[in-house]
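Let's work through some exercises together, one step at a time. Keep the structure open beside you and try each task before reading its solution.

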Amino acid sequence: MTDKALGEYLKVLRTHHGYSQEFVASHLNIIRQTYSHYETGRILPPLEAICTLAELYQVPVDSLLKLVVQNNSEQDSFISKSSDMAIPQKQIHLSAKESELLNHFRLLDKRDKEDILDYIKLKSQKAAKRNKTQQKYDELNKHKKRKGV
């Protein structure tokens, strides 16, 4: 059984987000060729992969699952008419490191996510203090240079 509707939608989502097949395959812990087969409809992704893809692309899981059960005659109209599968118009472009961080963060449970957020807040507060201290130091040096000290 092929599943071209799902594959086509996965390709649209991937290209819209600017991801390579290699990146998505890595995120799924599979080889690129296997992911390519998902997009061509040659292989139907397992449920775990569908859930991970929904999370990666920030779409409801059921929007991907609905495509699995669609017959070939409904595929194109289903993709274009379904409001719950709309691709967000406003996209935030993440760096590779930000994307990696987000991907790992999504795998954590609620408690671990809260711990990580607390840690990040603490680190950013310390960085802000360091920056403020550095700015004061720089201003002091400028002032000394102006006075010739």
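**Exercise 1. Find which residues Glu 39 touches, leaving out those up to four places away in sequence.**

Step 1. Contact means heavy atoms within 4.5 Å. By that test, Glu 39 touches Gly 7, Glu 8, Leu 10, Lys 11, Arg 14 and Gln 21.

Step 2. Before going on, know your model: it is predicted, so local features need pLDDT of at least 70 and side-chain atom pairs count only at pLDDT 80 or more, while totals for chains, interfaces and linings use all residues. Residues are numbered from 1 along each chain as its sequence is written, and side-chain values use heavy atoms, with hydrogens and water left out.

Step 3. Helices (H or I, at least four residues) and strands (E, at least two) are DSSP runs, numbered from the N terminus.

Step 4. Check the cover. Glu 39 has a relative accessible area of 7%, so it is buried. The classes are buried (under 20% relative accessible area), exposed (over 50%) and partly exposed (in between), with a 1.4 Å probe and protein chains only.

Step 5. Look for a polar partner: the side chains of Glu 39 and Tyr 35 are joined by a polar contact of 3.0 Å. A polar contact is a pair of N or O atoms within 3.5 Å; within protein, one must be able to donate a hydrogen and the other to accept it, and residues adjacent in sequence count only if both atoms are side-chain atoms.

**Exercise 2. How many salt bridges are there, and where do they lie?**

Step 1. Apply the rule: a side-chain nitrogen of Lys or Arg within 4 Å of a carboxyl oxygen of Asp or Glu. The count comes to 2 salt bridges.

Step 2. Take Arg 14 and Glu 39, whose closest N and O atoms are 2.5 Å apart. Arg 14 belongs to helix H1 (residues 4–17) and Glu 39 to helix H3 (residues 32–40), so this pair ties together parts that are 25 residues apart in sequence. Both Arg 14 and Glu 39 are buried.

Step 3. Now take Lys 97 and Glu 100, with 4.0 Å between the closest N and O atoms. They are separated by about one helical turn, because they sit 3 residues apart in helix H7 (residues 96–106). Lys 97 counts as exposed at 64% relative accessibility, whereas Glu 100, at 39%, counts as partly exposed.

**Exercise 3. Is His 27 buried or exposed, and what does its side chain meet?**

Step 1. His 27 is found in helix H2. With a relative accessible area of 18%, His 27 is buried.

Step 2. Its side chain makes a polar contact of 3.3 Å with the side chain of Asn 103.
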